[in-house]
Amino acid sequence: MPRALLRLICVLWAVAGARAATPMATLRIGRIDYLRAADVAGRLNLRMRWLSSRQLELADSAHRLELPVDGRDASLDGLRLFLGEPALTRSGQLYLSRIDYERRLRPLLRPEQEGSPPGHPRIIALDPGHGGSDHGTENPRLHLMEKTFTLDVAFRLKKLLEAQGDLVVMTRTNDSRFANDQRVDLPLRGEFANQRHADLFVSIHFNSAAPDTRTRGTEVFSFAPRYQRSSDSWQRREDDSEPNPRYPDLSPANRNDAWSVLLAHAMHGELIHSLHTEDRGEKIAHWAVLRPLDCPGILVESAFLSNDAEAERVANPAFRQQIAEAMLAGIQAYGAELGRLRPAPGPAHAASPGGIDPPGAPARPPLPGTLEPPQRPS
Ligand SMILES: [Zn+2]
């Protein structure tokens with residue numbers, strides 16, 4: 001290698017190191033800490049350019065992030081992504097909230113900076129939304145109930161996952177498993193996944209905008225980072241915000257923010273590309289079902305039952321199979337991304353052929369099953 005080139009590489013390395021060591025300047029706007037988009041671009045080694053007076057692009061050869069001025073509706077690699085706080089301009093500079101940067105954008109753009117990733121997901125928890133007297137959303141014109149389709153899609157996905165050797169646990173396998181009290185039921189679903197040592201959790205739902213019958217499309221949620229509001233909420237510290245009385249310090253789900261957003265992004269991309277539904281974005285919310293999770297987890301709203309055209313698609317088994325296959329592809333894409341982030345194992349630590357555990361491997365968790373309903377007081 002020519003000496004001049006070697007020196008240039010050393011200088012660039014030193015500059016990158018210095019950059020990483022210097023904290024980014026923070027600007028307090030209201031109650032939120034903001035970072036300059038230019039500093040974020042520098043830290044993540046992204047090029048920055050204004051696409052218009054309303055839109056800033058941060059990009060490299062692998063990723064393209066488009067940030068709105070005074071808005072939350074961003075896009076990453078062509079997929080919509082709702083920021084937790086609006087990007088704002090001050091003195092001609094665009095600013096991003098620190099939480100958006102640290103908890104969602106950096107994990108998505110530079111996941112290798114998030115520390116060691118979880119192991120390859122082997123135990124997948126599927127949560128068919130609703131059940132029993134909780135029908136979920138309904139389309140009365142077409143006599144359709146959400147709870148029926150969530151269970152059907154979960155069974156289809158279970159079959160696909162098991163065919164590739166995964167263990168699947170389901171929070172319900174029939175229509176009468178729950179106490180029908182959502183305050184009790186929803187956290188139990190997440191806690192059940194924890195008890196079964198799930199590596200990944202997918203809650204399956206269908207959406208409603210009733211009485212609006214025109215809204216349609218696909219949304220994928222991860223649990224909101226600490227101190228952020230839900231995507232659909234413009235108020236702070238309302239009922240769904242932190243702290244939660246059950247988890248006063250930190251919601252367990254927040255420990256896996258980085259991996260949950262990677263899972264959400266992988267799943268979102270596969271669903272949009274496969275189903276050709278309208279992209280309603282990656283969102284965040286304080287879903288009670290996700291809050292207790294010890295593993296990465298997401299909630300998927302594949303389509304709107306309140307939209308008749310979309311509800312008719314959902315009523316077609318071929319479309320539900322397509323949803324299940326897209327979800328499988330999403331889980332596979334997430335697993336592949338984790339594999340890319342893990343250092344290659346040395347010979348002593350390589351997995352033995354055929355998926356058999358090497359000697360000294362930790363005991364396998366208990367066999368999968370379904371969640372028992374909570375005992376009602378007699
Ligand atoms: Zn639902």
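The model is a predicted one, in which local features need pLDDT of at least 70 and side-chain atom pairs count only at pLDDT 80 or more, while totals for chains, interfaces and linings use all residues. Numbering starts from 1 along each chain as its sequence is written.

The protein has 8 helices and 16 strands; these are DSSP runs numbered from the N terminus, with helices (H or I) of at least four residues and strands (E) of at least two. Of its 378 residues, 40% count as buried. A residue is buried if 20 or more other C-beta atoms lie within 10 Å of its own, exposed if 12 or fewer, and partly exposed in between, with C-beta atoms placed from the backbone. Among contacts with a separation of 6 or more, 74% are between residues 24 or more positions apart; a contact requires C-beta atoms, placed from the backbone, to lie within 7 Å.

To return to α4, its buried residues include Phe-149, Leu-151, Val-153, Leu-157 and Leu-161, and also the charged residues Glu-146, Lys-147 and Lys-158. Gly-165, with a positive phi near 95 degrees, follows the helix.

Helix α6 (residues 257–275) has 19 residues and reaches 26 Å from its first C-alpha to its last, close to the 27 Å expected. It is mostly covered, with 16 of its 19 residues buried. His-276, which follows α6, has a positive phi near 55 degrees.

Two packed helices are described by the angle between their axes and the distance between the axes. The axes of α6 and α8 (residues 317–341) come within 8 Å and cross at roughly 140 degrees. That makes α6 oblique to α8, since angles under 35 degrees count as roughly parallel, over 145 as roughly antiparallel, 65 to 115 as roughly perpendicular and the rest as oblique. Axes here are lines fitted to C-alpha atoms over the stretch in contact, and angles run from 0 to 180 degrees between N-to-C directions. On the α6 side, the residues that meet α8 include Leu-263, Met-267 and Leu-271; on the α8 side they include Ile-323, Met-327 and Tyr-334. By class, this contact has 12 nonpolar residues (Ala, Val, Leu, Ile, Met, Phe, Trp, Tyr, Cys and Pro), 3 charged (Asp, Glu, Lys and Arg) and 3 polar (the others, Gly among them).

Leu-271 and Leu-275 also touch Thr-218, a residue of strand β14. Thr-218 counts as buried because it has 26 C-beta neighbours inside 10 Å. Its C-alpha atom is separated by 5.3 Å from that of Ala-303, 85 residues apart along the chain.

The loop between β13 (200–207) and β14 (218–223) holds Pro-211, which a cis peptide bond joins to Ala-210, with omega about 10 degrees. Asp-77, in the loop between β6 (71–76) and β7 (79–90), has phi near 50 degrees and is partly exposed, with 15 other C-beta atoms within 10 Å. His-197, in the loop between α5 (182–195) and β13, has phi of about 60 degrees and is partly exposed, with 17 C-beta neighbours inside 10 Å.

How values were computed: Contact = placed C-beta atoms within 7 Å. Expected span 1.5 Å × (residues − 1). Lists of a residue's contacts leave out its neighbours within four places in sequence.
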